[in-house]
Amino acid sequence: MMTFKGGKKKKSRLLFVCLGNICRSPAAEGIMATVVEKNGLQDVIEVDSAGTSGWHEGELPDERMRLHGERRGYVFDSPARKFRKSDFDDFDYILAMDRQNFTNIKAMATGQEQMDKIYMITEFTQQYPYYDHIPDPYYGGASGFELVLNLLEDACEGLLQTIKEVELRQYSHL
Ligand code: 4NP
């Protein structure tokens with residue numbers, strides 16, 4: 001359990017963003033929720049996901065993504081919603097799946113503080129240094145969905161390490 005001296009707890013709120021919010025970002029949300037729970041950090045880390053488009057608003061994640069996730073023990077069941085400006089206030093880390101998502105979110109940011117919250121998810125991968133984005137699996141086959149899961153499992157572990165380091169450093173003076 002990550003605890004902070006002085007009994008203070010600051011929540012880290014993470015938002016994963018892709019285009020449709022039915023393949024990559026709900027998978028990232030589900031994987032990260034699992035990683036967070038395994039580490040007993042569900043009281044201090046919150047996760048959510050959104051799409052830069054509203055094309056699939058209200059839909060459950062893509063059947064293929066859910067099936068590939070289930071085979072690894074994940075449940076992806078977060079309904080799709082569109083990314084909104086208030087997400088800049090409601091989240092600390094906004095994690096884009098590809099460069100197009102990244103650019104679209106950046107274009108909606110007002111001010112440096114909001115800009116600084118936006119990351120490419122692949123900044124946190126450790127095992128797959130040759131991928132600088134999570135390839136969109138929507139129009140491809142099964143191997144694309146497996147690749148998404150491999151990359152996201154790696155990125156979520158890396159992201160957790162970073163958050164632990166950042167938050168513990170922030171509170172180490174207390
Ligand atoms: P996602 O994948 O951005 O990972 O959710 C896609 C989902 C839907 C579409 C494209 C990508 N689409 O064209 O509807």
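# A walk through the predicted chain

Aspartate 87 touches Leu15, Arg81, Lys82 and Ile94, leaving aside residues up to four places away in sequence. Aspartate 87 belongs to helix 3, which spans residues 87–90. Its relative accessibility is 0%, so aspartate 87 counts as buried.

Step back to the whole chain. The secondary structure comes to 6 helices and 4 strands. Read from the N terminus, the elements run β-α-β-α-α-β-α-α-β-α. The radius of gyration is 16 Å, close to the 16 Å that the globule rule gives for 174 residues, so the chain is as compact as a globular protein of that length. Along the principal axes, the C-alpha atoms fill a box of roughly 50 × 35 × 30 Å.

How much of the chain is buried? Buried residues account for 48% of the 174 residues. The chain exposes about 8700 Å². Carbon and sulfur atoms supply 49% of that area. Now take the contacts between residues at least 6 apart in sequence. Of these, 75% join residues at least 24 apart.

Strand 1 covers residues 12–18 and pairs with strand 2 in the parallel sense, over 7 bridges. Within this pairing, leucine 14 stands opposite valine 47 of strand 2. Strand 2 takes in residues 45–51 and is mostly covered. Of its 7 residues, 5 are buried. Which hand does the unit have?

Look at the loop between strand 1 and helix 1. Asparagine 21 lies there. Its phi is positive, about 60°, although asparagine 21 is not a glycine. Is asparagine 21 buried or exposed? Its relative accessibility is 0%, which is under 20%, so asparagine 21 counts as buried.

Another loop runs between strand 2 and helix 2 (63–71), and glutamate 59 has its place in it. Glutamate 59 has a relative accessible area of 38% and is partly exposed. Leaving aside residues up to four places away in sequence, glutamate 59 touches Ile22, Ser78, Pro79 and Ala80. Lysine 10 is another matter. Glutamate 59 and lysine 10 are 49 residues apart in sequence, and their C-alpha atoms are 32 Å apart in space.

Finally, the aromatic rings. A pair of such rings is described by the distance of the centres and the angle of the planes. The count comes to 6 aromatic pairs. One of them joins tyrosine 93 and tyrosine 119: the ring centres are 5.5 Å apart and the planes meet at 25°. Planes under 30 degrees apart count as stacked, so this pair is stacked. The pair links distant parts of the chain. Tyrosine 93 sits in strand 3 (residues 93–96) and tyrosine 119 in strand 4 (residues 118–120), 26 residues apart.

How covered are the two partners? Tyrosine 93 has 7% relative accessibility, so it counts as buried. Tyrosine 119 has a relative accessible area of 22% and is partly exposed. The cut-off for buried is under 20%, which is why tyrosine 119 is not counted as buried.

Conventions: Residues are numbered from 1 along each chain as its sequence is written. This is a predicted model: local features need pLDDT of at least 70, side-chain atom pairs count only at pLDDT 80 or more; totals for chains, interfaces and linings use all residues. Side-chain values use heavy atoms; hydrogens and water are left out. Buried means under 20% relative accessible area, exposed over 50%, partly exposed in between (1.4 Å probe, protein chains only). Helices (H or I, at least four residues) and strands (E, at least two) are DSSP runs, numbered from the N terminus. Two strands pair if DSSP finds at least two bridges between them. The radius of gyration is taken over C-alpha atoms; the globule rule is 2.2 Å times the number of residues to the power 0.38. Contact means heavy atoms within 4.5 Å. Accessible areas come from the Shrake-Rupley method with a 1.4 Å probe; for residues, only the protein chains shown count as cover. Rings of Phe, Tyr and Trp (its six-membered ring) pair if their centres lie within 6.5 Å; planes under 30 degrees apart count as stacked, over 60 as edge-to-face and the rest as tilted.
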